[in-house]
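I open the notebook with a plain list of things to look up.

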Amino acid sequence: MLRVARFLSVPLLLLAIAIGVLALTSKPAQPAAVLSRFAEQPLVIAHRGGKGLWPENSLFAFERASALGVDMLEMDLHLSSDGELVVIHDPTLDRTTNGDGPVAARSLAQLQALDAGYRWSADGGQSHPYRGQGVRIPTFTEVLERFPSIPKVIEIKVPDVGMEAQLCDTLTAHQQRDKVIVGSFYDRSLQLFREQCPGVATSAGPDSVRLLLALNWIGLGSVLSPSYQALQIPEAHSGLPIASSSLLQTASQRGLNVQLWTINEQPDMRRLLDLGADALITDYPDRALQVLGRSTRISALEAD
Ligand code: G3P
Ligand code: CA
């Protein structure tokens, strides 16, 4: 027993020293330029422009959500066959438009000829109030030009097609590098984007989230030096809780803005805000604004 203890003492001592050094030299996240305009209040982020209220990822949705008073617009990027960044969530057209097949197989002109309000329904498919109303798939450039001021959460949906550099160039050309947080479910895309677009805020990719969860679980969250500014996470994944009070505390100590998705019910919104969420990414931004006691102009919008 004594021999085992002696055998383990040196590695354990080295490990303790390494952890101590890491903890002493770790740095919290660099502040995100896009978040500097906000006071400490929790943010309301319109998921796909507020997909519970109007057709997702459309100029119409972004216009309405902005008018409602949300803090940020969330949107998803794909590439058309002729290389334009377009704002749509799915890799295929079937769920949201009157088209079908892969987005990447259609030119911009073909994509923009489709009706992006065709499938939206608030009553389980009995009525489709936005059919034939001119709602279409926007280009990312159109969104930047139409909404130059409002901060945006932008998700890279396709890795390995050069979208990272194109996104960076487009943000730079429109002077909106300080108005966005870029996220992706692909860590390699985020890594590339950070290299190609330094200074632009990003969120943690899945591997980074897993590392943070693991470090927090063993009580070593303080050794983390995040290369990202925001943590965009669900409350739970595959039945496993993610957004625990302890994780949110650690994230906050590491300078991260914790943005939870996709929070649509008001009791959940209240509970997660109490837990320490910095932002709610929601399909129903009207509900979140109401929970926060902020005015919405939803009735004025309905009267339009
Ligand atoms: O920020 C992530 C959030 O957008 C959830 O993912 O599938 O709605 O794009 P998704
Ligand atoms: Ca998204």
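The model is predicted, so local features need pLDDT of at least 70, side-chain atom pairs count only at pLDDT 80 or more, and totals for chains, interfaces and linings use all residues. Residues are numbered from 1 along each chain as its sequence is written, chains are lettered from A and ligands numbered from 1 in the order in which they are written, and side-chain values use heavy atoms, with hydrogens and water left out.

**Entry 1**

I looked up Arg 48 first. Arg 48 sits in the loop between strand 1 and helix 2 (59-68). I take helices (H or I, at least four residues) and strands (E, at least two) as DSSP runs, numbered from the N terminus. Is Arg 48 buried or exposed? Arg 48 counts as buried because its relative accessible area is 10%. Its phi is near 55°, a positive value in a residue other than glycine.

Asn 57 is in the loop between strand 1 and helix 2. Phi of Asn 57 is near 50°, again positive in a residue other than glycine. I file Asn 57 as buried because its relative accessibility is 3%.

I also checked the peptide bonds. The bond joining Trp 261 and Thr 262 is cis, with omega about -20°. Thr 262 lies in the loop between strand 10 (257-261) and helix 9 (266-275). I note the background: most residues other than glycine have a negative phi, and most peptide bonds are trans.

**Entry 2. Ligand 1**

Which residues surround ligand 1? I listed His 47, Arg 48, Glu 74, Asp 76, His 89, Glu 155, Lys 157, Phe 185, Gln 232 and Trp 261. My cut-off for near is a heavy atom of the residue within 4 Å of the molecule or strand.

Next I looked for polar contacts. The term means a pair of N or O atoms within 3.5 Å; within protein, one must be able to donate a hydrogen and the other to accept it, and residues adjacent in sequence count only if both atoms are side-chain atoms. A polar side-chain atom of His 47 is 2.6 Å from an oxygen atom of ligand 1. For Lys 157, an N or O atom of the side chain is 2.8 Å from a ligand oxygen. For Glu 155, a polar side-chain atom is 2.9 Å from an oxygen atom of ligand 1. Ligand 1 taken alone exposes 300 Å², and the protein buries 88% of that. These areas come from the Shrake-Rupley method with a 1.4 Å probe; for residues, only the protein chains shown count as cover.

His 89 has a side-chain partner too: a polar contact of 2.7 Å joins it to the side chain of Asp 90. Asp 90 is in the loop between strand 3 (85-87) and helix 3 (108-112). I record Asp 90 as buried because its relative accessibility is 13%.

**Entry 3. Pockets and the cavity**

On a 1 Å grid over the protein atoms alone, a cavity is a set of points where a 1.4 Å probe fits but cannot get out; a pocket is an open set with protein on both sides within 12 Å along at least five of seven lines, and lining residues have an atom within 4 Å of a point. Grid points are joined across faces, edges and corners, and a volume is the space filled by probe spheres set on the points.

The largest pocket has a volume of about 650 Å³. It is lined by 28 residues, and Phe 185, Gln 232, Ile 233, Pro 234 and Trp 261 lie nearest its centre. Which element gives the largest share of that lining? Helix 7 does, with four residues.

The second largest pocket has a volume of about 390 Å³. Among its 18 lining residues, Leu 35, Glu 40, Leu 256, Asn 257 and Asp 278 lie nearest the centre.

I found one cavity of 30 Å³ or more. The largest cavity holds about 60 Å³ of space. Its lining includes Asn 57, His 89 and Arg 136.

**Entry 4. Ser 36**

Ser 36 lies in the loop between helix 1 (2-25) and strand 1 (43-46). Ser 36 counts as exposed because its relative accessibility is 61%. A polar atom of its side chain is 2.7 Å from the backbone oxygen of Ala 33.

Conventions: Buried < 20%, exposed > 50% of the residue type's maximum accessible area, 1.4 Å probe, protein only.
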